[in-house]
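Subject: Two-chain model, handover and notes

Hello,

Please find the structure below, followed by my notes on it.

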Amino acid sequence: MNMDRRNFIKSGALVAGGLLISFTIPGANKMAAMGEVATSAGLPFSPNAFLKIGTDNSITVLLSHVEMGQGIWTTLPMLLAEELDVDLNQIIVKHGGADEAFNHPVYGIQITGGSTTTWSEFDRYRNAGATARILLTQVAAKRTGVAIENCKTENGTVTAGGKKFTYGELAADAALLPVPEKVTLRSKDNWKYIGKSVKRLDAGVKTNGKAIFGMDIQFPGLLTAVVAHSPVFGGKVKSFNATEAKAIKGVRQVVQIPTGVAVIADNYYAAQQGKRALRVTWVNGSAVGISTTKQTAAYKKLAASNGLTVQKQGNASDGLSKSTKVLKAEYVFPYLAHAPMEPLNCTVKIENGKCEIWTGTQLPGVEQAAAAKILGFAPENITINVPFLGGGFGRRATPTADFVSEAVHIAKASGKPVKMVWSREDDIKGGYFRPFVVHNVTAGLDIKGRPVAWNHNIASQSIMKGAANVLGELKDSIDDTTVEGVKGSPYFTSIPDHFIGLHNTEEAIPVLWFRSVGHTHTAYVMETMMDEVAHNAGRDPVEYRRGFFKEHPRHLAALNLVAEKGNWKKALPTGHFKGVAVAEAFGSYVATIAEVSILNGQVKVHKIDCAIDCGLAVNPEGVKAQVESGIIFGLTMALYGEITIEDGKLQQNNFYDYKIARIHETPEINVYIVESDGKMGGVGECAVPPTAPAIANAIFAATGKRIYNLPLMNHKL
Amino acid sequence: MRKQQLFTYYIITKVSFVNNNYYMITLKVNEKAYEIDASIDMPLLWALRDLVGLTGTKFGCGVAQCGACTVHLDGEAVRSCVTKVERAVGKNITTIEGLSLDNDHPLQKAWLEFDVPQCGYCQSGQIMSAAVLLRENPSPTDQDIDDAMAGNICRCGTYPRIRAAIHQAAKTLKNK
């Protein structure tokens, strides 16, 4: 990154006294700038702080991103502490609210997603720490007359000559100094925190019940609202009778909102009772005709023809006609609900032309704008407070601000401060799913079984189309979040004739990014197909893949490490079988080996070994935790994940029919980090993609069966 | 006087004619008495969260499928989302807030040592389930842990660390 520091770092005095370091990134544009920050200057400075050093010696780091389990509550302060020379445990960590100062350095809006936080903030947070350290040192030097280069910072203090100052003692004066033009960051050899495993800073409050999630917001006068939604997705209220609902003790008010009828009560129980007593007549929306069976047939038909060109080389149909053997496969992937453990909720208080919102969101600015629009308020009159997120996985990054808008409508219609709480059923049936996707693949093999031609079509709803208000219009109707992982797959480097096509579909069920997004299905298709190709060639699946990775060293490094550590060649206990898969996602490279057995027609996953090359691992233990998490998320998706629809009605309800993998289904997991100088990638999502295909390939090794549609629970193995 | 009341199942007054299952109820939570005006049918979860004001116990599913709401009733683990408040009257209710004085329960310490929490939302329930397991079985095997903890979902997938932390806490307890 090459940025003019003077344009984005600013220091200033805190109202309460002390030093404040804030920064904005000039001219960061949207998706197009992915990986590169624009260098144009001229945006105004923001008054919001990323780092505050109080005269009371308090050190507060404000996060531009939100903590939803991925560990940035620890990682971002690590980056800052590294340069500031403070004890990590001395730092008070807080979420920033909605403010342009917190815009993502790459996306240009305020977002936590895409596994981007650590690498995109790597320079920014270190610079903030270094800038503050220099200013504090300058003050100490001035006060003592000691030369700056003879002043030493350590553990929140500056030693100058024989005198020692705490940062707090220097903060007020430091705030008056101009920001240094040049800041030199520490070299790798001098890192104290970066690259070392650090314990999570939020673990304490997450083990004693004190962590506050959106669900836990309480204040006098706050009421609870629940919403009756249409049984047919997206249906509208025709009429309702609230007489019985209002007779329930504790029910205060019943109001109609655009998405249904809200019951407002003293507590959740009373509100739920009210909802049950409510009688609503619905007008069905356009989802009424949708059924999974019909959808499957329609998407299969679409994917059987070539769609919009995503990637093309040579002539795939010529190549296929010249092939010695052709493998054909049709894959079907269902809609998936994110189902974060904390059901969606949002607290809204409207008072004197201002609105305050508390919600676990990955998109605070989007929620702010949506609330402003609904209320007719200026955005600066909407305050967004972000407590801890009880899981996100993409569901709390809704470009339409669906659940926050709903809560704002309830507060507006009722005139009361309300905490809207969705039931688990509201969540499972709430839409914004991982899309339903069909892939159609034809692979042509030469006489030695090498793939020489490949024709690949994908049919899916576009996620980005629904996110245009946030991330801009799609170029050429090609949604990378549908095709990522097929597009740019390393295997195509050695397949001369190939075509990748896309069919964008439209449905009345909204779709959304779901942890690892397009890779949830594309890695499955590529890795099970390549396994099939390897098997046809009579080759070992690990050895065979190596041949394709000559120009892809990071794929190869991950594969080699997992093959070595996971003892790929070692004989397994009777009845146990292995499968492998490799994927690149969000800039990280992951290779996974799954060991399974088959019992009563169902798969049992015994062990998963996984190697990751994410470049520098800022907090290696945090990386391991994320990889474990991704694997288990992938396991759930492989075994159970499925939302089905009949006549517009979503069929699943709660965890009894939308199952999540549990502890007894969790295999032994070993994570290995590749020592790498490569570009930093993300780690929150990348372990999901190879999990399901590694399991499926192990199932093939065990049974000779190829699984072309998930979840596995639908197959008798 | 208060102390005596705590251990008696008692009801003060009927407060509503419309919903005649509403009473003034005393709940003993974490060694402290709380008086609430509640329907005896109200799930304990909502009494704890919305009436008593202790939010460490979490709502995850409402149908005893996820375990996020696990609390102890006289030392037994129950899913408070399906446990009527009536059942808790006169009993010692322990929530995550009352498990230890200062995050010093061996399980909480082990949870920190193994960096268990991610989003953290399910962890109150996980720890409360594990506490009963360890009390009844000081040396649980992996199978014992599976049996005791299978009712608690963690969407972040912290299960391997939960398992390791329970083994660690068991060791700590044994060495005491």
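**Strands of chain A**

Strand E20 (residues 437-445) of chain A is mostly covered, with eight of its nine residues buried. Buried here requires 20 or more other C-beta atoms within 10 Å of the residue's own, exposed is 12 or fewer, and partly exposed lies in between, with C-beta atoms placed from the backbone. Helices (H or I, at least four residues) and strands (E, at least two) are DSSP runs, numbered from the N terminus.

Two conventions apply throughout. This is a predicted model, in which local features need pLDDT of at least 70 and side-chain atom pairs count only at pLDDT 80 or more, while totals for chains, interfaces and linings use all residues. Residues are numbered from 1 along each chain as its sequence is written, and chains are lettered from A and ligands numbered from 1 in the order in which they are written.

E20(A) pairs with strand E15 (residues 325-333) of chain A in the antiparallel sense over nine bridges; two strands pair if DSSP finds at least two bridges between them. A:Val438 in E20(A) is the bridge partner of A:Val332. E20(A) is also joined by nine bridges to strand E21 (residues 451-461) of chain A, again antiparallel. Here A:Val441 stands opposite A:His456 in E21(A). E20(A) and E21(A) make a hairpin with five residues between them, and A:Gly449 in the turn has a positive phi of about 85°.

Elsewhere in chain A there is an open sheet of four strands, in the order E23-E24-E25-E28, with mixed pairing. Its edge strands, each pairing on one side only, are strand E23 (577-585) and strand E28 (668-673) of chain A. Neighbouring strands of this sheet are turned by 20° against each other on average, direction ignored; the axes are lines fitted to C-alpha atoms, for helices over the stretch in contact, and angles run from 0 to 180 degrees between N-to-C directions. Strand E24 (residues 588-599) of chain A runs antiparallel to strand E25 (residues 602-613) of chain A, with 11 bridges joining them. A:Val590 stands opposite A:Ile612 in E25(A).

A:Ile612 returns in the largest nonpolar core, which has 281 residues: A:Ala225, A:Val263, A:Ala558, A:Ile612 and A:Ile695 touch the most other members. Such a core is a set of buried Ala, Val, Leu, Ile, Met, Phe, Trp, Tyr and Cys residues joined through C-beta atoms within 7 Å. Helix H2 (residues 117-144) of chain A gives the largest share of this core, 11 residues. Leaving aside neighbours within four places in sequence, the contacts of A:Ile695 are A:Gly579, A:Ala594, A:Val596, A:Val603, A:Val605 and A:Ala638. Contact means that the C-beta atoms of two residues, placed from the backbone, lie within 7 Å.

Chain A is divided into domain 1 (5-190), domain 2 (214-285 + 344-421) and domain 3 (292-336 + 433-714), with bounds from an automatic or database domain assignment. The C-alpha centres of domain 2 and domain 3 of chain A lie 37 Å apart. Their contact takes 14 residues from domain 2 of chain A and 13 residues from domain 3 of chain A.

Chain B has seven helices and six strands, and 53% of its 176 residues are buried. Its domain assignment gives domain 1 (2-98) and domain 2 (106-174). Between them, 14 residues of domain 1 of chain B are in contact with 11 residues of domain 2 of chain B.

All nine residues of helix H2 (residues 44-52) of chain B are buried, so this helix is largely enclosed by the rest of the structure. Among the buried residues of H2(B) are B:Trp46, B:Arg49 and B:Asp50. They pack against elements of both chains, including strand E9 (223-228) and helix H5 (268-277) of chain A and strand E3 (32-39) of chain B. H2(B) is followed by B:Gly53, whose phi is positive, near 90°.

Across the two chains, 49 residues of chain B are in contact with 50 residues of chain A. H2(B) is one of the helices that each supply at least two residues of the side of chain B that touches chain A. H7(B) gives the most to that side, with four residues. By class, the side has 27 nonpolar, 16 polar and six charged residues. Ala, Val, Leu, Ile, Met, Phe, Trp, Tyr, Cys and Pro count as nonpolar, Asp, Glu, Lys and Arg as charged, and the others, Gly among them, as polar.

Regards
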